[in-house]
Amino acid sequence: MAIHFLFLLSRQGKIRLNKWYQTISQKEKTKVMRELTTLILLRRPKMCNVLEYKDIKVVYRRYASLFFIVGCDSDDNELLSLEIIHRFVELMDKMYGNVCELDIIFGFEKAYHVLDELLLDGVVQESLKKEVLKKVAQQDELENMDEFENIMV
Amino acid sequence: MSSFQLLNAEVLSRLKPFGILFEKSLTDLIRGMRTYSKESPEQLMVFLENAIVECKNELATTDLETKAMAVLKLAYLEMYGFDMSWCNFQVLEVMLSSKFQQKRIGYLGAIQLFRNEQDLLILATNQFKKDLNSHNHVEVGLALSGIATIVTPNLAKDIYDDVVMKLNHSKPYIRKKAILALYKVFLQYPDSLRMSLQRIIDKLDDNETSVVNAAINVVCEISKKNPKIFVAYLPKFFLILEDTKNNWLIIRILKLFQSLSKVETRMRRKILPAIVDMMMSTKASSLIYECINCIVSGGMLTGESSKDKDIARKCIEKIINFFQNGDNNLKFVGLLALINILKLYPQFIRSIPEVSPIVLDCLTDRDSIIQSKALEIAQYLINEDNINEVFKVLLIQLIPLDDRLIVPDKLKVDIITKIIDTASQDNYSNIPNFKWYIAVLQNALKLTVLSGNYASRSAAITIAKAFGKEFTSLATKVPSIRRPLATLLLELAEDPNVIDGAPLLLKDVYWILGEYVNELGGVDDDDDEQDDQDEEEENNINIIALGKKIKLFNTLINKEIDTKLDNGVNAQFPISAKLAALPNHGVICVVIQSLVKIYLSIVRDYMLIYGKGNKLPTTQLNELQYFLFKLIGFLGNWENHRNYEVQERVISWLEFLRLCLEAMNEGDDSILQKLEQEEIEYYKTLRIGDKKKANEGEDEEEGEEEEDDEEQEEDDEQEVDSSVDPDYEQFSSSSDEDSIEETIKPQIPVEDLLELEEEEKELEKNPFSSQINDIVEDSNMEKPLPVLLGLVLPSFFNLYTLKPVARNAQLHIKVPEALDLDVPINDLPVVDLALDEVSSAYNLFDSNREDSDSLSEEETAAATENSEIMRKERMQRLKEDPYYIDTTASKSRVNKSKSKLVEAATSALVTSPKTSTSPGLDEQTLDLTNKKPKKSKKIKKEKVLVLTEETVDNGGGDEDRINERLSPMEKKKKKKNIFLIDSSTLENFDLNAPESNEEKSGVEYEVNLEEIRQRLEKQALEKAEKTKVKKSKTKTTKSDGDKQKKAKKKKASIIE
């Protein structure tokens, strides 16, 4: 049930976020992402969102100009993977407030933080949206405290 | 340390407003990248390189704030595919910061950049422990998230206790993270599973759904590898399933049941009804899909009982709903589920009327992924009545929808293998008409192999091999189809595209053409009518067949003519040249044999047409002699081939063929030279004539000229057909025997004349024919064919008929007890001279290598030259050595009869063991083959004999044995998956085994620590220095000092 990797791809083929829950070399990563980029950009809108790639399944979905791409085991539930992607998008939407590609580019660390609260090593750790956002907010707060302390000093 | 840093940060932050910019902020970096990426990739690269250098400099500063920013930037740059492993040490520093903001960046950087940093993480163990035990739960959560991603075996051992403690944290947020992180610890440190599995299971009773969810998740993952441990907890899982409404959790439990059901079959009775109920009641597609998966993949449906079938039917009904929705994702998963059910119950494809339209619809879907999947069950769809329709649908899928789109390789491979597999299923019982099937294959071939357009070579190879295998199997199993098949293959062999695009296909093409070369007779269709044709017409047919054979023969071996004519680009025999230089030695091995077979067949035809008794007119004999001469010349190309098998085969044959040639010309080469000169002259005039024609007018004739390569390729097919017919008519029109002879005498050019316009004028113009006529008139003597050609050569090939043999037949042949493969058949000849040479040559070579530095260039050159000379000498001596020749000669005979077996084996067919063990029976069996229709099947359109595979009966279990043999290879292949999380450590993990001794490794790790620390320190310093070349020396030393200070402190904290 674990996700092996997740990355965001713009329509121009640029990587916008990437997260790997596997220890593989940078070279391998780049190769996989490049191969999947060509595969996915060639797909047409009405086609199905599941690819079989090597021994895994790759599930992707397009939101506006971004492709969200997830790699999971071949016996995993594809519909659930789609749901995870959707969940991630919803969360980002809530956090950035009507998320767009630029938000993710400039605030990429926020996106990572949300993702880290949604998934832990590729496994969904929290199915409640509210909980995830609350935790991210708590962390942000703690960060701000730091800055506050800084200023105080 | 911290106070110093704080001070530093403070100073920096105060300096910033005054314009001293030490760091480029993240936003600047991203903006810069965006602007540069709009310009040119080179500029972007320059910008990125600069940015990385800047980050390096920033990392070298002592200010943690700056470092953190640099790490964040690097984490961003990592997306562009840079390898960032050089900054791991600094990332660790940031990670260990006391400030949460920096810590968070550090963990983010670590998750993004670290890959199994064994040594590095040892340094930070204590800090991890500290973070895990922080009073602030947010920090603990962060640490758990980070650890779960970057944990290594050593770290797992060290922090295991702390993670386990977190299982009882007051906050569910920490508990669930701890559970999930613990799974990663298990993976890295399997012994810990024994200690704390129970604690994970206890968490199943937690009040918080998210914690239960996490626990189920871990249980589910472990159960994939080791389901047995959890059988005892089934009731508990079941309770959770009944209690919860959370679909995420339910799906996970279903996944768990799926793995448990494989080891505990009794659970099905209780659980199956619950799952079916859930499937029927829920509205969530993902849950329905999971229910079906659980039922089907979990092996809960096994028997043929009506109950099981009922459930399967219900599942299919649910799946049908997926297809009516119009969503392609649902269509895809529905298809997957359908495939799984149909594999168990193929009958449903007919008994439920909606199913087969769905499958057909998927076969024609525009999405190649869905098509490929649907292909998996296409064979259930096919029966004798609809095979035509279905194959048509499949072939259409090979045609791109519009010019821009290419059909994906995978789909091509899938379709081809599916067509072939379904067709050959049950010994071709579904094929209504084999000519139709050949046509299907021909079309498929045109759409795949001949069309080019491959993205990958492997797909081309797979397809070519599949076709080749199928052709061979058809040729051996279905005698009546050999003639049309041979005609089709002849086209392939004469098409230069094939040898360029799919040389592997040629392996089987050549084999079949060699083996069944006599099927290349005249007209393909209406063979029934031919039976009662009079002798004369039969003779004509023979002549046409001979023309075809000679044409094929020349196409393959006339390379020499091109070289002599210096044709260059406009080669008349491009295939021959390509064949000689073909890199696939497997194909060459086959073609050697085939060429000899074709030659043999030419000899046979000559005897049929011109022969009287066993005598031939001298002219014809000379022609045969010339063919043989050419064949020897061509095979000579491979005499020094680097592949052993090719060399062996070629040399064996050459020895024999040279003997034949000697027997024919009795040492007199003059005739050969004369004939060769004539042929060259002929092709020269042909070329000039062609050029003239081409200049005169580019009419319809142009397409038929041989030099015009492209045109030829396109028109090849028509050419053969169209050229045969007028030819045939011409022969039959000239009824008196003399005129026939006259036209046929110039046998060599005939095959070319077949292609060109066959006009009497041209014949007269041709010097070759006129001269031959002269010779004929001069010497109309008759001579017998040499025994070697007339009797010995045919006996190599025609002694036994080939029959299809089941692949398990070989297993049943017992190895003779007396057979010991390790004992040499004959003693090795004692060639002391040669041996000495070899050893000295090797010594020379060795010394050459070792002292290559000391030796001057001249010396080495001389030495190699010397060895070269010696080698040549040795070769010469070996040639003359009676022992050496003796062994090859005696072996070659054996080889020839054996090689046939080998050849057959390569195409998965072995000559029948029965016949091969009883040589006395051969004549009988020859007759019997036609009388012994093992399986003649009445088919709608055509009655065809399909030979069944022969086997030796020896009880069952063959498949198992074959699979046993095959399985090791398959297993090897499976290990390649890079995405597979290595959870094999948990496989068959024995929970009750005593704990292994860990103390030893503990000691080891203490010892290593110092060394590792120093090494890492050194690396970091080196890197820092590299980037700092431009900076002032004082600064460098200062930061070095800093680092050492820090490191000392760290060391202290680690050792404590």
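Predicted model: local features only at pLDDT ≥ 70, side-chain atom pairs only at ≥ 80, totals over all residues.
Modeller: In chain B, take the contacts between residues at least 6 apart in sequence: 73% of them join residues at least 24 apart. Chain B has 53 helices and 4 strands, and 51% of its 1056 residues are buried.

Colleague: What makes α9(B) roughly parallel to α11(B)?

Modeller: Helix α9 (residues 137-150) of chain B packs against helix α11 (residues 172-188) of chain B at about 20°, with the axes 9 Å apart. Angles under 35 degrees count as roughly parallel, so that label applies to α9(B) and α11(B). Their crossing is left-handed.

Colleague: Which residues do the touching between α9(B) and α11(B)?

Modeller: From α9(B) they include V140(B), L144(B) and A148(B), and from α11(B) they include I174(B), A178(B) and K184(B). Sorted by class, that contact has 7 nonpolar, 4 polar and 2 charged residues.

Colleague: And chain A: why is A64(A) called exposed?

Modeller: Exposed means over 50% relative accessible area. A64(A) has 68%, so it counts as exposed. This residue sits in the loop between β4 (56-63) and β5 (66-73) of chain A. Its phi is positive, about 50°, although A64(A) is not a glycine.

Colleague: How do you know whether D121(A) is buried or exposed?

Modeller: Buried means under 20%. D121(A) is at 8% relative accessibility, so it counts as buried.

Note on methods:
Residues numbered from 1 in each chain as written. Chains lettered and ligands numbered in written order. Heavy atoms only, no water. Helix = DSSP H or I, 4+ residues; strand = E, 2+ residues; numbered from the N terminus. Buried < 20%, exposed > 50% of the residue type's maximum accessible area, 1.4 Å probe, protein only. Contact = heavy atoms within 4.5 Å. Axes fitted to C-alpha atoms, helices over the stretch in contact; angles between N-to-C directions. Parallel < 35°, antiparallel > 145°, perpendicular 65-115°, else oblique. Left-handed = near helix turned anticlockwise from the far one by under 90°. Nonpolar A, V, L, I, M, F, W, Y, C, P; charged D, E, K, R; others polar.
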